[in-house]
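I opened the two-chain file this morning and kept notes as I went. The entries are in the order in which I looked things up.

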Amino acid sequence: MPDRKQNLPQLYRFCFLMLGDPRKAQDVFHATLRDAAQRAAHGELPSEPFWLFRDARWRCMEATKTDLQPESFKLDEHEIAPQAASQIERLDPTQLAIWISGAPDPQRSVLALFYLDEFDYHEILDLADLKLSELSRLLVKGRRQLQAWLDAKFPQLGEV
Amino acid sequence: MLSLMRRQRFLLNCAPISANQSGDRSMRLALSRADGSVEFANQQKFDRAVSGVVRLIPIPAESAEWFSEKDLLPVSNWTWKKMVRNPAVLAISIAVAVIAGVFVFNFLSHLNDFPGSTTARKLLTIAASTRPVMLDPVNAEAGTLSDLFFMKHGLEHYDVPPEFADFDTIGCRVFEDDESRRIAQIWVSEKRMQFFLFPAERDSKTGAVLRFPGWRYVHQEGWTGAVTLQSGVCFMAAIRGPDKDLEPYLAKPKE
(Lines give C-alpha, C1' and ligand atoms only; values in the text may rest on other atoms or scores of the structure.)
Protein backbone atom coordinates (compact mmCIF):
# COMPACT_ATOMS: atom_id res chain seq x y z
CA MET A 1 0.00 0.00 0.00
CA PRO A 2 1.60 3.28 -1.01
CA ASP A 3 2.24 5.75 1.85
CA ARG A 4 0.17 8.35 0.06
CA LYS A 5 -2.91 6.20 0.58
CA GLN A 6 -2.34 5.94 4.31
CA ASN A 7 -1.81 9.64 4.80
CA LEU A 8 -3.36 9.95 8.24
CA PRO A 9 -3.28 13.77 8.47
CA GLN A 10 -5.21 13.83 5.22
CA LEU A 11 -7.63 11.29 6.63
CA TYR A 12 -8.31 13.61 9.55
CA ARG A 13 -8.77 16.57 7.16
CA PHE A 14 -11.19 14.48 5.14
CA CYS A 15 -13.25 13.77 8.25
CA PHE A 16 -13.18 17.46 9.14
CA LEU A 17 -14.34 18.51 5.66
CA MET A 18 -17.09 15.94 5.73
CA LEU A 19 -18.37 16.94 9.19
CA GLY A 20 -17.35 20.59 9.62
CA ASP A 21 -16.84 20.00 13.32
CA PRO A 22 -13.43 19.22 14.88
CA ARG A 23 -14.99 17.17 17.72
CA LYS A 24 -17.02 14.98 15.38
CA ALA A 25 -14.12 14.73 12.97
CA GLN A 26 -11.88 13.46 15.75
CA ASP A 27 -14.48 10.94 16.87
CA VAL A 28 -14.82 9.49 13.40
CA PHE A 29 -11.07 9.63 12.81
CA HIS A 30 -10.32 7.80 16.06
CA ALA A 31 -13.07 5.25 15.52
CA THR A 32 -11.77 4.53 12.03
CA LEU A 33 -8.21 4.04 13.23
CA ARG A 34 -9.22 1.99 16.28
CA ASP A 35 -11.17 -0.34 14.04
CA ALA A 36 -8.29 -0.48 11.59
CA ALA A 37 -5.86 -1.31 14.40
CA GLN A 38 -8.10 -4.16 15.56
CA ARG A 39 -8.37 -5.49 12.04
CA ALA A 40 -4.62 -5.23 11.67
CA ALA A 41 -4.16 -7.21 14.88
CA HIS A 42 -6.33 -9.97 13.42
CA GLY A 43 -4.56 -9.78 10.09
CA GLU A 44 -7.75 -8.68 8.39
CA LEU A 45 -6.63 -5.45 6.77
CA PRO A 46 -8.34 -4.95 3.42
CA SER A 47 -6.09 -5.10 0.41
CA GLU A 48 -7.69 -2.19 -1.47
CA PRO A 49 -5.51 0.94 -1.47
CA PHE A 50 -7.79 3.54 0.14
CA TRP A 51 -10.01 1.53 2.40
CA LEU A 52 -9.33 3.89 5.34
CA PHE A 53 -10.91 6.76 3.45
CA ARG A 54 -13.80 4.59 2.28
CA ASP A 55 -14.41 3.49 5.85
CA ALA A 56 -14.13 7.04 7.18
CA ARG A 57 -16.55 8.30 4.53
CA TRP A 58 -19.10 5.69 5.53
CA ARG A 59 -18.70 6.65 9.20
CA CYS A 60 -19.08 10.34 8.40
CA MET A 61 -22.28 9.65 6.50
CA GLU A 62 -23.58 7.53 9.38
CA ALA A 63 -22.64 10.22 11.91
CA THR A 64 -24.67 12.88 10.12
CA LYS A 65 -27.60 10.69 9.16
CA THR A 66 -29.45 11.55 12.35
CA ASP A 67 -28.40 15.21 12.37
CA LEU A 68 -30.81 17.98 11.47
CA GLN A 69 -30.69 18.30 7.73
CA PRO A 70 -30.78 21.72 6.03
CA GLU A 71 -33.88 22.48 4.03
CA SER A 72 -33.26 21.76 0.40
CA PHE A 73 -33.23 24.90 -1.62
CA LYS A 74 -31.37 25.96 -4.71
CA LEU A 75 -28.14 27.71 -3.87
CA ASP A 76 -26.96 30.60 -5.99
CA GLU A 77 -24.35 29.79 -8.55
CA HIS A 78 -21.79 32.21 -10.00
CA GLU A 79 -19.17 31.80 -12.68
CA ILE A 80 -15.67 31.40 -11.26
CA ALA A 81 -14.25 34.89 -10.90
CA PRO A 82 -10.62 35.72 -11.79
CA GLN A 83 -10.18 37.09 -8.28
CA ALA A 84 -11.67 34.00 -6.60
CA ALA A 85 -8.27 32.93 -5.30
CA SER A 86 -7.92 36.09 -3.22
CA GLN A 87 -11.43 35.57 -1.83
CA ILE A 88 -10.62 31.98 -0.91
CA GLU A 89 -7.37 32.97 0.79
CA ARG A 90 -9.41 35.02 3.24
CA LEU A 91 -11.33 31.94 4.27
CA ASP A 92 -10.67 30.19 7.54
CA PRO A 93 -10.28 26.38 7.11
CA THR A 94 -13.20 25.87 9.47
CA GLN A 95 -15.44 28.12 7.39
CA LEU A 96 -14.58 26.13 4.28
CA ALA A 97 -15.16 22.84 6.11
CA ILE A 98 -18.54 24.02 7.37
CA TRP A 99 -19.52 25.04 3.85
CA ILE A 100 -18.41 21.71 2.33
CA SER A 101 -19.98 19.65 5.10
CA GLY A 102 -23.29 21.40 4.46
CA ALA A 103 -23.45 20.08 0.89
CA PRO A 104 -25.64 17.06 0.24
CA ASP A 105 -23.99 13.78 -0.50
CA PRO A 106 -22.41 12.76 -2.80
CA GLN A 107 -21.39 16.37 -3.50
CA ARG A 108 -19.97 16.71 0.00
CA SER A 109 -17.80 13.60 -0.42
CA VAL A 110 -16.69 14.67 -3.88
CA LEU A 111 -15.61 18.13 -2.74
CA ALA A 112 -13.85 16.77 0.33
CA LEU A 113 -11.98 14.10 -1.62
CA PHE A 114 -11.13 16.38 -4.52
CA TYR A 115 -9.80 19.32 -2.51
CA LEU A 116 -7.64 17.05 -0.35
CA ASP A 117 -5.51 16.87 -3.50
CA GLU A 118 -4.75 13.31 -2.52
CA PHE A 119 -6.53 11.27 -5.16
CA ASP A 120 -6.75 11.32 -8.92
CA TYR A 121 -10.15 11.36 -10.54
CA HIS A 122 -10.19 7.57 -11.05
CA GLU A 123 -9.75 7.06 -7.33
CA ILE A 124 -12.45 9.58 -6.48
CA LEU A 125 -14.83 7.85 -8.89
CA ASP A 126 -14.10 4.59 -7.14
CA LEU A 127 -14.36 5.98 -3.62
CA ALA A 128 -17.58 7.88 -4.23
CA ASP A 129 -18.98 5.25 -6.59
CA LEU A 130 -19.73 7.76 -9.33
CA LYS A 131 -19.46 8.10 -13.08
CA LEU A 132 -17.17 10.65 -14.68
CA SER A 133 -20.11 12.77 -15.86
CA GLU A 134 -21.54 12.85 -12.33
CA LEU A 135 -18.20 13.78 -10.77
CA SER A 136 -17.75 16.52 -13.36
CA ARG A 137 -21.25 17.90 -12.75
CA LEU A 138 -20.84 17.85 -8.96
CA LEU A 139 -17.48 19.64 -9.10
CA VAL A 140 -18.74 22.31 -11.52
CA LYS A 141 -21.78 22.88 -9.38
CA GLY A 142 -19.67 22.97 -6.20
CA ARG A 143 -17.27 25.56 -7.62
CA ARG A 144 -20.12 27.79 -8.85
CA GLN A 145 -21.97 27.56 -5.53
CA LEU A 146 -18.79 28.24 -3.57
CA GLN A 147 -18.08 31.22 -5.79
CA ALA A 148 -21.59 32.57 -5.14
CA TRP A 149 -21.05 32.12 -1.41
CA LEU A 150 -17.64 33.83 -1.62
CA ASP A 151 -19.21 36.70 -3.53
CA ALA A 152 -21.83 37.02 -0.81
CA LYS A 153 -19.24 36.77 1.96
CA PHE A 154 -16.63 39.08 0.46
CA PRO A 155 -18.65 41.35 -1.82
CA GLN A 156 -16.05 44.09 -2.04
CA LEU A 157 -13.50 41.61 -3.44
CA GLY A 158 -16.00 40.13 -5.86
CA GLU A 159 -16.71 43.51 -7.39
CA VAL A 160 -13.06 44.29 -8.18
CA MET B 1 -16.76 13.54 -31.98
CA LEU B 2 -19.36 15.28 -29.82
CA SER B 3 -19.10 12.63 -27.15
CA LEU B 4 -15.29 12.88 -27.25
CA MET B 5 -15.52 16.62 -26.68
CA ARG B 6 -18.00 16.06 -23.85
CA ARG B 7 -15.66 13.56 -22.22
CA GLN B 8 -12.79 16.01 -22.50
CA ARG B 9 -14.99 18.66 -20.90
CA PHE B 10 -15.80 16.25 -18.05
CA LEU B 11 -12.11 15.46 -17.63
CA LEU B 12 -11.16 19.13 -17.51
CA ASN B 13 -13.74 19.70 -14.79
CA CYS B 14 -11.99 16.98 -12.77
CA ALA B 15 -8.48 18.16 -13.70
CA PRO B 16 -5.84 17.48 -11.04
CA ILE B 17 -5.04 20.36 -8.74
CA SER B 18 -1.33 19.73 -8.51
CA ALA B 19 1.09 18.27 -10.99
CA ASN B 20 1.91 15.28 -8.80
CA GLN B 21 -1.55 13.87 -9.48
CA SER B 22 -0.42 12.65 -12.86
CA GLY B 23 -3.45 11.83 -14.88
CA ASP B 24 -3.91 9.15 -17.47
CA ARG B 25 -3.42 9.63 -21.19
CA SER B 26 -6.93 10.96 -21.83
CA MET B 27 -6.54 13.48 -19.00
CA ARG B 28 -3.17 14.64 -20.31
CA LEU B 29 -4.70 15.07 -23.76
CA ALA B 30 -7.60 17.09 -22.37
CA LEU B 31 -5.19 19.26 -20.38
CA SER B 32 -3.02 19.92 -23.41
CA ARG B 33 -6.07 21.04 -25.41
CA ALA B 34 -7.22 23.35 -22.61
CA ASP B 35 -3.82 24.97 -22.34
CA GLY B 36 -4.27 28.72 -22.65
CA SER B 37 -8.00 28.73 -21.90
CA VAL B 38 -8.86 31.58 -19.49
CA GLU B 39 -11.80 29.69 -18.09
CA PHE B 40 -9.66 26.67 -17.30
CA ALA B 41 -6.89 28.84 -15.84
CA ASN B 42 -9.45 30.40 -13.47
CA GLN B 43 -10.70 26.96 -12.48
CA GLN B 44 -7.15 25.83 -11.70
CA LYS B 45 -6.42 28.93 -9.62
CA PHE B 46 -9.71 28.42 -7.79
CA ASP B 47 -8.96 24.76 -7.05
CA ARG B 48 -5.40 25.49 -5.91
CA ALA B 49 -6.65 28.19 -3.56
CA VAL B 50 -9.29 25.90 -2.02
CA SER B 51 -6.77 23.08 -1.71
CA GLY B 52 -4.38 25.53 -0.05
CA VAL B 53 -7.00 26.32 2.60
CA VAL B 54 -7.64 22.60 3.13
CA ARG B 55 -3.94 22.07 3.78
CA LEU B 56 -4.19 24.64 6.57
CA ILE B 57 -6.67 22.53 8.51
CA PRO B 58 -4.88 21.96 11.82
CA ILE B 59 -4.49 18.47 13.18
CA PRO B 60 -5.50 18.23 16.86
CA ALA B 61 -2.79 16.95 19.15
CA GLU B 62 -4.94 13.96 20.16
CA SER B 63 -5.25 12.89 16.55
CA ALA B 64 -1.62 13.59 15.77
CA GLU B 65 -0.66 10.97 18.37
CA TRP B 66 -1.88 8.29 15.99
CA PHE B 67 0.62 9.33 13.35
CA SER B 68 3.64 8.32 15.40
CA GLU B 69 2.20 4.94 16.32
CA LYS B 70 3.16 3.28 13.12
CA ASP B 71 2.45 -0.21 14.36
CA LEU B 72 -1.22 0.54 14.72
CA LEU B 73 -1.59 0.41 11.00
CA PRO B 74 1.19 -1.78 9.79
CA VAL B 75 1.72 -1.86 6.11
CA SER B 76 0.83 -5.29 4.94
CA ASN B 77 4.27 -6.91 4.75
CA TRP B 78 4.07 -9.38 1.97
CA THR B 79 6.84 -11.87 2.49
CA TRP B 80 7.52 -15.30 1.10
CA LYS B 81 7.72 -16.66 4.62
CA LYS B 82 4.28 -15.28 5.48
CA MET B 83 2.82 -16.49 2.24
CA VAL B 84 4.18 -20.01 2.66
CA ARG B 85 2.62 -20.22 6.11
CA ASN B 86 -0.79 -19.36 4.70
CA PRO B 87 -2.91 -22.55 5.06
CA ALA B 88 -4.47 -22.08 1.63
CA VAL B 89 -1.10 -21.66 -0.03
CA LEU B 90 0.25 -24.61 1.96
CA ALA B 91 -2.66 -26.84 0.92
CA ILE B 92 -2.34 -25.84 -2.72
CA SER B 93 1.42 -26.39 -2.62
CA ILE B 94 1.00 -29.90 -1.17
CA ALA B 95 -1.67 -30.74 -3.74
CA VAL B 96 0.52 -29.50 -6.57
CA ALA B 97 3.49 -31.45 -5.19
CA VAL B 98 1.42 -34.67 -5.01
CA ILE B 99 0.10 -34.17 -8.54
CA ALA B 100 3.61 -33.45 -9.77
CA GLY B 101 4.89 -36.55 -7.94
CA VAL B 102 2.24 -38.77 -9.55
CA PHE B 103 2.99 -37.22 -12.92
CA VAL B 104 6.74 -37.79 -12.53
CA PHE B 105 6.16 -41.36 -11.28
CA ASN B 106 3.95 -42.14 -14.28
CA PHE B 107 6.42 -40.49 -16.60
CA LEU B 108 9.34 -42.49 -15.20
CA SER B 109 7.30 -45.70 -15.18
CA HIS B 110 6.52 -45.33 -18.84
CA LEU B 111 9.90 -43.95 -19.80
CA ASN B 112 11.11 -47.43 -20.80
CA ASP B 113 7.83 -48.53 -22.35
CA PHE B 114 7.98 -50.30 -25.67
CA PRO B 115 5.37 -52.02 -27.87
CA GLY B 116 4.21 -55.04 -25.90
CA SER B 117 5.41 -53.84 -22.50
CA THR B 118 1.86 -53.86 -21.10
CA THR B 119 1.38 -57.49 -22.10
CA ALA B 120 4.82 -58.32 -20.74
CA ARG B 121 3.89 -56.88 -17.33
CA LYS B 122 0.68 -58.91 -17.25
CA LEU B 123 2.66 -62.02 -18.04
CA LEU B 124 5.06 -61.29 -15.18
CA THR B 125 2.03 -61.34 -12.89
CA ILE B 126 1.10 -64.71 -14.35
CA ALA B 127 4.67 -65.92 -13.84
CA ALA B 128 4.47 -64.98 -10.17
CA SER B 129 1.31 -67.06 -9.67
CA THR B 130 2.23 -70.08 -11.82
CA ARG B 131 2.88 -73.42 -10.11
CA PRO B 132 4.82 -76.26 -11.84
CA VAL B 133 1.75 -78.54 -11.78
CA MET B 134 -0.08 -76.12 -14.07
CA LEU B 135 2.35 -76.91 -16.91
CA ASP B 136 2.69 -80.04 -19.02
CA PRO B 137 5.91 -81.83 -18.04
CA VAL B 138 8.52 -81.68 -20.79
CA ASN B 139 12.06 -82.95 -20.67
CA ALA B 140 13.93 -81.22 -23.48
CA GLU B 141 16.03 -78.17 -24.24
CA ALA B 142 14.01 -74.99 -24.50
CA GLY B 143 15.22 -74.32 -28.05
CA THR B 144 13.59 -77.49 -29.29
CA LEU B 145 10.09 -76.48 -28.23
CA SER B 146 9.54 -74.36 -31.36
CA ASP B 147 8.63 -77.51 -33.27
CA LEU B 148 6.25 -78.61 -30.54
CA PHE B 149 4.47 -75.24 -30.60
CA PHE B 150 4.21 -75.35 -34.38
CA MET B 151 3.18 -78.99 -34.72
CA LYS B 152 0.81 -79.20 -31.80
CA HIS B 153 -0.56 -75.67 -31.57
CA GLY B 154 0.11 -74.18 -35.02
CA LEU B 155 2.17 -71.37 -33.52
CA GLU B 156 4.66 -70.13 -36.07
CA HIS B 157 7.95 -68.46 -35.11
CA TYR B 158 7.47 -69.19 -31.39
CA ASP B 159 11.25 -69.64 -31.13
CA VAL B 160 13.36 -69.40 -27.99
CA PRO B 161 16.34 -67.11 -28.71
CA PRO B 162 19.83 -68.70 -28.76
CA GLU B 163 20.74 -67.04 -25.43
CA PHE B 164 18.17 -69.28 -23.67
CA ALA B 165 17.85 -72.20 -26.07
CA ASP B 166 20.12 -74.62 -24.17
CA PHE B 167 18.30 -74.57 -20.85
CA ASP B 168 16.52 -77.73 -19.71
CA THR B 169 12.77 -77.43 -19.61
CA ILE B 170 10.61 -78.54 -16.67
CA GLY B 171 7.28 -77.92 -18.37
CA CYS B 172 5.40 -75.82 -20.83
CA ARG B 173 1.89 -74.86 -21.86
CA VAL B 174 -0.03 -72.73 -24.34
CA PHE B 175 -2.94 -70.61 -23.13
CA GLU B 176 -5.01 -67.65 -24.25
CA ASP B 177 -4.83 -64.34 -22.44
CA ASP B 178 -7.79 -62.01 -21.80
CA GLU B 179 -7.48 -60.69 -25.35
CA SER B 180 -7.54 -64.18 -26.86
CA ARG B 181 -3.89 -64.04 -27.84
CA ARG B 182 -2.10 -67.35 -27.65
CA ILE B 183 0.77 -67.34 -25.19
CA ALA B 184 3.42 -70.03 -24.83
CA GLN B 185 4.88 -70.43 -21.35
CA ILE B 186 8.02 -72.46 -20.63
CA TRP B 187 9.50 -73.23 -17.23
CA VAL B 188 13.20 -74.05 -17.17
CA SER B 189 15.38 -75.39 -14.39
CA GLU B 190 17.97 -72.60 -14.70
CA LYS B 191 17.26 -70.30 -11.72
CA ARG B 192 13.58 -71.30 -12.06
CA MET B 193 13.25 -68.91 -14.96
CA GLN B 194 10.11 -68.77 -17.07
CA PHE B 195 9.90 -67.90 -20.75
CA PHE B 196 6.92 -66.43 -22.50
CA LEU B 197 6.31 -66.18 -26.23
CA PHE B 198 3.47 -63.97 -27.35
CA PRO B 199 2.37 -62.10 -30.51
CA ALA B 200 4.03 -58.73 -31.01
CA GLU B 201 1.91 -55.60 -30.78
CA ARG B 202 0.65 -54.35 -34.13
CA ASP B 203 -0.44 -51.00 -35.52
CA SER B 204 -4.24 -50.85 -35.24
CA LYS B 205 -4.60 -49.23 -38.67
CA THR B 206 -1.98 -50.92 -40.83
CA GLY B 207 -1.56 -54.17 -38.93
CA ALA B 208 2.21 -53.79 -39.17
CA VAL B 209 4.33 -55.14 -36.30
CA LEU B 210 5.49 -52.38 -33.94
CA ARG B 211 9.21 -53.04 -33.68
CA PHE B 212 11.79 -52.27 -31.04
CA PRO B 213 15.48 -53.11 -31.06
CA GLY B 214 17.45 -55.41 -28.72
CA TRP B 215 16.41 -56.46 -25.23
CA ARG B 216 14.09 -54.34 -23.09
CA TYR B 217 13.41 -54.77 -19.40
CA VAL B 218 10.03 -54.71 -17.64
CA HIS B 219 9.33 -55.00 -13.93
CA GLN B 220 6.30 -56.13 -11.99
CA GLU B 221 5.84 -57.27 -8.38
CA GLY B 222 9.52 -58.13 -7.82
CA TRP B 223 9.83 -59.93 -11.13
CA THR B 224 12.00 -58.79 -14.02
CA GLY B 225 11.45 -59.62 -17.66
CA ALA B 226 13.83 -59.21 -20.58
CA VAL B 227 11.91 -58.91 -23.79
CA THR B 228 13.03 -59.11 -27.39
CA LEU B 229 11.22 -59.23 -30.72
CA GLN B 230 11.86 -61.69 -33.50
CA SER B 231 9.73 -62.54 -36.53
CA GLY B 232 6.63 -60.85 -35.14
CA VAL B 233 6.74 -62.74 -31.87
CA CYS B 234 7.95 -61.37 -28.54
CA PHE B 235 10.07 -63.53 -26.25
CA MET B 236 10.34 -62.73 -22.57
CA ALA B 237 12.65 -64.34 -20.07
CA ALA B 238 11.20 -63.77 -16.60
CA ILE B 239 12.98 -64.16 -13.29
CA ARG B 240 12.20 -63.26 -9.71
CA GLY B 241 14.80 -60.63 -8.90
CA PRO B 242 16.50 -57.57 -10.35
CA ASP B 243 17.89 -56.81 -13.80
CA LYS B 244 21.37 -58.00 -12.86
CA ASP B 245 20.11 -61.59 -12.54
CA LEU B 246 19.24 -61.57 -16.23
CA GLU B 247 22.11 -59.46 -17.50
CA PRO B 248 24.69 -62.32 -17.68
CA TYR B 249 22.44 -64.23 -20.09
CA LEU B 250 21.92 -61.27 -22.37
CA ALA B 251 25.52 -60.07 -22.38
CA LYS B 252 26.85 -63.03 -24.29
CA PRO B 253 24.62 -63.77 -27.26
CA LYS B 254 25.17 -67.22 -28.60
CA GLU B 255 25.72 -67.97 -32.25
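My notes start with the chains and then move to single helices, helix pairs and the interface.

Entry 1: I am working from a predicted model. I read every value below as computed from that model.

**Entry 2: chain A.** I looked up the secondary structure of chain A and found nine helices and zero strands. From the N terminus the order is α-α-α-α-α-α-α-α-α. Chain A has 160 residues, and 36% of them count as buried. I then checked contacts with a separation of 6 or more. In chain A, residues 24 or more positions apart account for 73% of those.

**Entry 3: chain B.** The tally is nine helices and seven strands. Chain B has 255 residues, of which 26% count as buried. For chain B I took contacts between residues at least 6 apart in sequence, and 54% of these join residues at least 24 apart.

**Entry 4: H1(A).** Among the buried residues I noted Leu8(A), Leu11(A), Tyr12(A), Phe14(A), Phe16(A) and Met18(A). Gln10(A) and Arg13(A) are on that list too. I also checked the length of H1(A). Its first and last C-alpha atoms are 17 Å apart, close to the 16 Å expected at 1.5 Å a residue. Just after H1(A), I found Gly20(A) with a positive phi of about 70 degrees.

**Entry 5: H2(A) against H3(A).** At what angle do the axes of H2(A) and H3(A) cross? I read roughly 135 degrees, with the axes coming within 10 Å. That angle makes H2(A) oblique to H3(A). The crossing is right-handed. On the H2(A) side I listed Lys24(A), Val28(A), Ala31(A), Thr32(A) and Ala36(A). They meet Leu52(A), Asp55(A), Ala56(A), Arg59(A), Cys60(A) and Ala63(A) in H3(A). By class, this contact has seven nonpolar, one polar and three charged residues.

**Entry 6: H6(A) against H8(A).** I turned to a second pair. The axes of H6(A) and H8(A) are 10 Å apart, and the packing angle is about 80 degrees. These two helices are therefore roughly perpendicular to each other. From H6(A), Gln107(A), Val110(A), Leu111(A) and Phe114(A) take part. Their partners in H8(A) are Leu135(A), Leu138(A), Leu139(A), Lys141(A) and Gly142(A). I sorted the contact by class and got six nonpolar, two polar and one charged residues.

**Entry 7: the interface.** I next asked how many residues of chain A are in contact with chain B. I found 38, and they meet 30 residues of chain B. H1, H2, H4, H5 and H8 of chain A each supply at least two residues of that side. By class, the chain A side has 29 nonpolar, four polar and five charged residues.

**Entry 8: H3(B).** Last, I followed one helix of chain B. H3(B) covers residues 38-55, and its 18 residues should span 26 Å at 1.5 Å a residue. The end C-alpha atoms of H3(B) are 26 Å apart, which agrees. Its buried residues are Gln43(B), Gln44(B), Phe46(B), Asp47(B), Ala49(B), Val50(B) and Val54(B). What do the buried residues of H3(B) pack against? I traced them to H1, H4, H5, H6 and H8 of chain A.

Notes. Residues are numbered from 1 along each chain as its sequence is written. Chains are lettered from A and ligands numbered from 1 in the order in which they are written. This is a predicted model: local features need pLDDT of at least 70, side-chain atom pairs count only at pLDDT 80 or more; totals for chains, interfaces and linings use all residues. Two residues are in contact if their C-beta atoms, placed from the backbone, lie within 7 Å. Helices (H or I, at least four residues) and strands (E, at least two) are DSSP runs, numbered from the N terminus. Ala, Val, Leu, Ile, Met, Phe, Trp, Tyr, Cys and Pro count as nonpolar, Asp, Glu, Lys and Arg as charged, and the others, Gly among them, as polar. Axes are lines fitted to C-alpha atoms, for helices over the stretch in contact, and angles run from 0 to 180 degrees between N-to-C directions. Angles under 35 degrees count as roughly parallel, over 145 as roughly antiparallel, 65 to 115 as roughly perpendicular and the rest as oblique. A crossing is left-handed if the near helix is turned anticlockwise from the far one by less than a right angle, and right-handed if clockwise. A residue is buried if 20 or more other C-beta atoms lie within 10 Å of its own, exposed if 12 or fewer, and partly exposed in between; C-beta atoms are placed from the backbone. The expected span of a helix is 1.5 Å times one less than its number of residues.
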